[in-house]
Amino acid sequence: MPTEPTSGYRIENDVLLTEDGIAFLIGGNHSVLKYATGELTPAQSSLDAFADNIAARQELTDRYQIPYAHVIFPDKQSVNPEAFPFQPVHRLGDIYRERLPVPLRNRVLYPADMLHGEANPSFLALDTHLTDHGSLAVLRLMLQMTGIEADHALSRVRRRITKFQRWSGDLGSKLIPPLDQEGLLLAPDWKVTDFRSPGGFNDGMVDILLSPDAPDNRTVLLFGDSFFLMMLKHISAVFTRVICLRTRFLHEEMIALIRPDIIFTGNAERNLSMVSPDTEAQAFALYPHLRNASDLAFDRPFLDAWAAVTAPRSSHAQDFMKQHGICYKR
């Protein structure tokens, strides 16, 4: 059962706001507060699905000879438990990772403790997502897990987290009246062109970033949620081709099409409230159709980019990449 709160707070629109002005997401579809206090624990079927997914993904990427890692992006209370009114904080990431056999555990990154020790804040007061400094710290570990050295590029990213901005954040905007926060954002000084598929939905969205001056002329493919979206510009400082597919699953058909050099999967910690097996995934291209999206037309720039990265051996891909200053030999 949850313990008594250790400090004052108020709850509004699924947001817990402490007397110190720090906001936490606690409601929604994932019952975050109930899991964080231990009132709820994951079902065995969910634990099994996660373990089976990681095992199958590891076997698949080994077969393709592609470096692979999975990232559990920690919730704010898991990184900054001292600011959370309810103690102790129960962390879903620990529960799921500790249930894995050691070889699979070594493929799963759960950087809650690392982020807690970072010099720069990993979270801002009114947001569920990592700061750009936090995303950089996670990216460094992702590259280490897959044997990729990119210290110079990561240092460049760190130097460019300089853009001051004031905004409400995804939690501050839920409060009445909305509250604002201040922070520093990444302002790339390298050339990067991004293409995004149309639509305002989540599953099925595609982001493609091309960065001709990046030091690593390879393709990285990401399957995940908004935490990956927040760090795409960071990754573009390392790799010339970054492709992010918004989905909770790994879709093997997209690996066969895109032929990536590195693969990462990821999810927000709160999504561990219920994990679905990869075997239940629909074809990635069907997501917009399954939700009866009204506008499925791609604009020409995105269509050209999507055609290039899904047929990397084609003459179109060669010509398209050349137009963007990238040598693309497959």
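**Strand pairing, pockets and a buried helix residue**

In the predicted model, Ile-11 stands opposite Leu-16, a residue of strand β2. The strands β1 and β2, the latter spanning residues 15-18, run antiparallel and are joined by 4 bridges. Both belong to an open sheet of 3 strands, in which the order is β1-β2-β3 and the pairing is antiparallel. The edges of this sheet are formed by β1 (9-12) and β3 (23-25), each of which pairs on one side only, and from one strand to the next the twist averages 25°.

The analysis of open space begins with the largest pocket, which holds about 750 Å³. Its lining comprises 32 residues, and those nearest the centre are His-30, Asp-225, Ala-268, Arg-270 and Asn-271. At least two lining residues are supplied by each of three elements, namely the helices α2 (44-64) and α9 (169-172) and the strand β12 (262-268). When the lining of the largest pocket is divided by class, 16 residues are polar, 9 are charged and 7 are nonpolar.

The second largest pocket contains about 540 Å³ of space and is lined by 25 residues, with Asp-132, Leu-185, Leu-186, Met-230 and His-234 lying nearest its centre. The largest share, amounting to 5 residues, is provided by β7. By class, the lining of the second largest pocket consists of 13 nonpolar, 6 polar and 6 charged residues.

Attention then turns to a single helical position. Val-309 is located in helix α14, which covers residues 300-309. Because its relative accessibility is 1%, Val-309 counts as buried, the cut-off for this class being under 20%. With residues up to four places away in sequence left out of the count, Val-309 touches Ile-208, Ile-243, Leu-257, Ile-258, Met-321 and Tyr-328.

How values were computed:
Residues numbered from 1 in each chain as written. Predicted model: local features only at pLDDT ≥ 70, side-chain atom pairs only at ≥ 80, totals over all residues. Heavy atoms only, no water. 1 Å grid on protein atoms, 1.4 Å probe; cavity = no way out; pocket = protein on both sides within 12 Å on 5 of 7 lines; lining within 4 Å. Points joined across faces, edges and corners; volume = space filled by probe spheres on them. Nonpolar A, V, L, I, M, F, W, Y, C, P; charged D, E, K, R; others polar. Pairing = 2+ DSSP bridges. Axes fitted to C-alpha atoms, helices over the stretch in contact; angles between N-to-C directions. Buried < 20%, exposed > 50% of the residue type's maximum accessible area, 1.4 Å probe, protein only. Contact = heavy atoms within 4.5 Å.
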